[in-house]
Amino acid sequence: MLEGKKILLGVTGSIAAYKAAILVRALVEKGAEVKVVMTELAKQFITPLTMATLSKNPVLVDFFNPENGEWNSHVKLGLWADAYVIAPATANTIGKMAHGVADNLLLTSYLSARCPVFVSPAMDLDMYAHSATQRNMAVLRRDGVHIIEPGEGFLASGLIGKGRMEEPHEIVRYIDDFFDKKEQQGRFRGKKVVVTAGGTIEPIDSVRFVSNYSSGKMGYAIAAQFAAEGADVTIVHAAVDGRLRGTLPGIKEIKTLSAAEMYEQMIELQPESDIIVMAAAVADYTPEKVADHKLKKKPDDKNFVLVLKETQDIAEMLGKMKKEGQLLVGFALETDNEADNALKKLKKKNLDFIILNSLRDKGAGFATDTNKITIYHKNGERKVFPLKSKPEVAVDIVNEIAGCL
Ligand code: CTP
């Protein structure tokens, strides 16, 4: 799978940098073309000459060649690569990546990379376990970066624990598997998919909000299924079960809060998307005025009236903007007149199909681990599915979408 693949290898200043030499060799043996970008400190651990000889390409460290002023374009490097592998990745580089710091060529290349990014951390066990490092890695996961977990064992510090850079042949296997999966089961290879998930949060004042019980489980299951089938997936989520976030390797997660924020984000992503699945429970109304302080209780008022104004219907707007070949799928959660309501929404929002959940079905709807759906297509076709786990329902939905392409 690595034959002919262009791999950009980023090497940072860690004692494990010697393993990067073995990694280059293993990648080249598999037929990959490798270019190496190093940080200044990495040169202290392994020489550019070694890396250049093994990769058969000049090693890049500076933004320009000090000899002749030739510009080392990080944008070109980012576009050139089929995969960007940062191994070893120090806690420092991981932290900078998580925060968008771009003070060397390795980091600017990361920000310019459009390819999948793999990070193989290497550090002492306490640095690895530190909440700051774990937090930064969670950010990277949410940004769609694949973290190749370090192994446990003898560390350069003399301590024994987790933090040892994964062995080069395991890294090669990880990347090989990644391309393999993408190419084998890649029904959606090259397709850009956006899935919305969770319940929007509509602020009342600085401490209170209006929302709903959506957990985001259905949206995340759909996103995971698309990713497993080779799609390039972005999940735009509002409030979701915290355990879901950062769990999907290779999926970009964009956090929004209110219907208005989700609207902005979706309008931005729409032109580049091939498939959009609106699984989020978007508020139809939001408080007309948001107090910038905590509203106080008024002893004389027995009733509190909250005035709400209508939000933008995101699905409806996306339906209006729909371009040739783009697929738009929505959900309808109903408690009565289910079929009628779903069909009205299908038409009004110009969807390709709508997935109906009825709260009258036991095990269907919000915050459950199961769901029972009926799909209504715009051509009048109707498909009823039995009660299944949400990941199984996601497979049905993704199959249905594949059938529409
Ligand atoms: N939706 C949306 N923007 C909104 C409201 C809903 O994009 N402001 C999307 C949902 O993500 C879902 C579909 O539209 O895919 C249907 O949502 P639902 O709340 O069931 O429908 P509404 O049109 O809001 O109708 P109602 O609440 O009256 O049932």
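Let us start with the ligand: strand β16 gives four residues to the shell around the ligand, the largest share. (Helices are DSSP runs of H or I with at least four residues, strands are runs of E with at least two, and both are numbered from the N terminus.) This is a predicted model, in which local features need pLDDT of at least 70 and side-chain atom pairs count only at pLDDT 80 or more, while totals for chains, interfaces and linings use all residues. Residues are numbered from 1 along each chain as its sequence is written, and side-chain values use heavy atoms, with hydrogens and water left out.

Now look at who surrounds the ligand. There are 16 residues around the ligand, and A280, D284, A315, K345 and K349 come nearest; a residue counts as near if one of its heavy atoms lies within 4 Å. By class, this shell holds nine nonpolar, three polar and four charged residues. Here Ala, Val, Leu, Ile, Met, Phe, Trp, Tyr, Cys and Pro count as nonpolar, Asp, Glu, Lys and Arg as charged, and the others, Gly among them, as polar.

A backbone N or O atom of M278 lies 2.8 Å from a ligand oxygen atom. T311 brings a polar side-chain atom 3.5 Å from a nitrogen atom of the ligand, and a polar backbone atom of F331 is 2.9 Å from a ligand oxygen. Taken alone, the ligand exposes 570 Å², and the protein buries 77% of that (areas come from the Shrake-Rupley method with a 1.4 Å probe). The elements that give two or more residues to the shell are α12 (314-321) and β16 (327-334).

Let us move on to the aromatic rings. Rings of Phe, Tyr and Trp (its six-membered ring) pair if their centres lie within 6.5 Å; planes under 30 degrees apart count as stacked, over 60 as edge-to-face and the rest as tilted. By this rule there are four aromatic pairs. In one of them, the ring centres of F118 and Y174 are 6.0 Å apart and the planes stand at 85°, so the pair is edge-to-face. F118 belongs to strand β4 (residues 117-121) and Y174 to helix α9 (residues 168-184), so this pair ties together parts that are 56 residues apart in sequence.

Finally, visit two backbone details. The peptide bond from A87 to P88 is cis, with omega near -5°, and P88 is found in strand β3 (residues 83-89). K56 has a positive phi of about 60° although it is not a glycine; K56 lies in the loop between α3 (48-55) and α4 (74-80).

Key. A polar contact is a pair of N or O atoms within 3.5 Å; within protein, one must be able to donate a hydrogen and the other to accept it, and residues adjacent in sequence count only if both atoms are side-chain atoms.
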